[in-house]
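Subject: Structure for you to look at

Hello,

I am passing a structure on to you. Please open it first; my notes on what was found come after it.

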Amino acid sequence: MPRFLSLVRIEENTIDMESADPGFEERMGALFEEITKAGAMVDTAGLRPTAEATRITWSDGRISYTDGPFTETKEVVGGYAMLQCKDMAEAVEWGKRFLEVHPKQWKVGLEVREVEEMPAD
């Protein structure tokens, strides 16, 4: 069964857990439990702020490093989920449901991509 990586995209300094409604964490927990019981959840996590990150770039045969925060970037990856689903439509449906549990005033996006599996030797 194919795997799908969902990248959670946020505007880093606009999301504050204190602005979440009281039922947010309960709704998210219930959804994660449902995805897990359905056998689709492989792994998921939120990411630490970009202020604690380093970008490593390969260009013109050289490595360069840029420490965060990345002020030139408006939208960043705030978390991920690795799902195992029958097809893209199922992965997108889980993604839609994930977004719907968030507070209405938040701006959160998902990029859902199928993982290109390496052939077995």
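Phenylalanine 32 is partly exposed, because its relative accessible area is 26%, and buried would require under 20%. This is a predicted model, so please read every value here as computed from it.

Some context on the chain. The protein chain has two helices and six strands, arranged along the sequence as β-α-β-β-β-β-α-β. Its C-alpha trace spans about 50 × 45 × 20 Å along the principal axes. Of its 121 residues, 27% count as buried. Among contacts with a separation of 6 or more, 76% are between residues 24 or more positions apart.

On the aromatic residues: the count comes to two aromatic pairs. Phenylalanine 24 and tryptophan 106 make an edge-to-face pair, at 5.2 Å centre to centre and with 65 degrees between the planes. This pair links distant parts of the chain, since phenylalanine 24 is in helix 1 and tryptophan 106 is in the loop between helix 2 and strand 6, 82 residues apart. Both phenylalanine 24 and tryptophan 106 are buried.

Phenylalanine 32 and phenylalanine 98 form a stacked pair, with 6.3 Å between centres and 5 degrees between the planes. Phenylalanine 32 lies in helix 1 and phenylalanine 98 in helix 2, so this pair ties together parts 66 residues apart in sequence. Phenylalanine 98 counts as buried because its relative accessibility is 14%.

Helix 2 also holds tryptophan 94. Is tryptophan 94 buried or exposed? Its relative accessibility is 10%, so tryptophan 94 counts as buried. Leaving aside residues up to four places away in sequence, tryptophan 94 touches Leu31, Glu34, Ile35, Ala38, Ala40, Leu83 and Cys85. Serine 59 is 35 residues from tryptophan 94 in sequence, and the two are 37 Å apart in space, C-alpha to C-alpha.

Last, the largest pocket. Its space comes to about 740 Å³. The lining has 34 residues, and those nearest the centre are Val8, Ile10, Gly46, Gly78 and Gly79. By class, 22 lining residues are nonpolar, eight polar and four charged. Strand 5 gives the largest share of the lining, seven residues. At least two lining residues come from each of strand 1 (3–10), helix 1 (24–37), strand 2 (41–46), strand 5 (76–84), helix 2 (88–100) and strand 6 (108–114).

Regards

Methods: Residues numbered from 1 in each chain as written. Predicted model: local features only at pLDDT ≥ 70, side-chain atom pairs only at ≥ 80, totals over all residues. Heavy atoms only, no water. 1 Å grid on protein atoms, 1.4 Å probe; cavity = no way out; pocket = protein on both sides within 12 Å on 5 of 7 lines; lining within 4 Å. Points joined across faces, edges and corners; volume = space filled by probe spheres on them. Helix = DSSP H or I, 4+ residues; strand = E, 2+ residues; numbered from the N terminus. Nonpolar A, V, L, I, M, F, W, Y, C, P; charged D, E, K, R; others polar. Buried < 20%, exposed > 50% of the residue type's maximum accessible area, 1.4 Å probe, protein only. Contact = heavy atoms within 4.5 Å. Phe/Tyr/Trp six-rings, centres within 6.5 Å; stacked < 30°, edge-to-face > 60°.
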